[in-house]
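Take a walk through this predicted model. Keep the sequence beside the structure as you read.

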Amino acid sequence: MKRSKWVNYGLFFLGVFLIVGGAVASIGAFDHQFALDSSAKSQPNSGQHVFHYKNLNEDQKHVVDGAIGGKQYTLDTATSIPGHGQSLTGEKVTVVKGDTYYTFSHETYFAATKSPGLAVIALVLGGIVAIIEGVRRQHFRHRRLPWQVGG
């Protein structure tokens, strides 16, 4: 029985689409951690932008107040964090409230154990398997793999 080349090409391109889909879906698989790092009466010499508490929106004020109170936040989106969208890497965020400068740590990480992260991993692994199987069927169809039985 002769297998069609189109099935092999289809597996290859399905794999490519799964990997691209995983890359796109990875945008939603990042979490943001926000916590108080330090406070001081004078501005830190880090040279970074300082956000004024009065200029923050209500969500940002709520998160800043909670972090000042000792709470550590893990958020799905960074919109509630002052200065969101400036960097994907870990950064320090400084907010001046009254006469005190509060420095917060903001970490962005891939949440591999949550549903969106697991979906990304499944898409990418499925894509890799589909590509490998498409190439194997096209170029190495006479070789048997240990789990294959029959003829």
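Glu 58 and Lys 61 sit three residues apart in helix 2, so about one helical turn separates them. Their side chains meet in a salt bridge, 4.0 Å from N to O. Glu 58 is exposed, at 59% relative accessible area. Lys 61 counts as buried, at 18%, because the cut-off for buried is under 20%.

Stay with helix 2, which spans residues 58-68. Its buried residues are Gln 60, Lys 61, Val 63, Val 64, Gly 66 and Ala 67. Their cover includes strand 1 (30-40), strand 3 (73-75), strand 4 (91-97) and strand 5 (100-110). Asn 57 caps the N-terminal end of the helix: a side-chain oxygen lies 3.1 Å from the backbone nitrogen of Asp 59. Just after helix 2, Gly 70 has a positive phi of about 105 degrees.

Now turn to Lys 114. A salt bridge joins Lys 114 to Asp 31, with the closest N and O atoms 2.6 Å apart. Asp 31 belongs to strand 1 and Lys 114 to the loop between strand 5 and helix 3 (115-139), so this pair links distant parts of the chain, 83 residues apart. Asp 31 is buried at 3%; Lys 114 is partly exposed at 35%. Lys 114 also bridges to Asp 76, at 4.0 Å. Asp 76 lies in the loop between strand 3 and strand 4, so the pair ties together parts 38 residues apart in sequence. Asp 76 is exposed, at 61%.

Conventions: Residues are numbered from 1 along each chain as its sequence is written. This is a predicted model: local features need pLDDT of at least 70, side-chain atom pairs count only at pLDDT 80 or more; totals for chains, interfaces and linings use all residues. Side-chain values use heavy atoms; hydrogens and water are left out. Buried means under 20% relative accessible area, exposed over 50%, partly exposed in between (1.4 Å probe, protein chains only). Helices (H or I, at least four residues) and strands (E, at least two) are DSSP runs, numbered from the N terminus. Contact means heavy atoms within 4.5 Å. A polar contact is a pair of N or O atoms within 3.5 Å; within protein, one must be able to donate a hydrogen and the other to accept it, and residues adjacent in sequence count only if both atoms are side-chain atoms.
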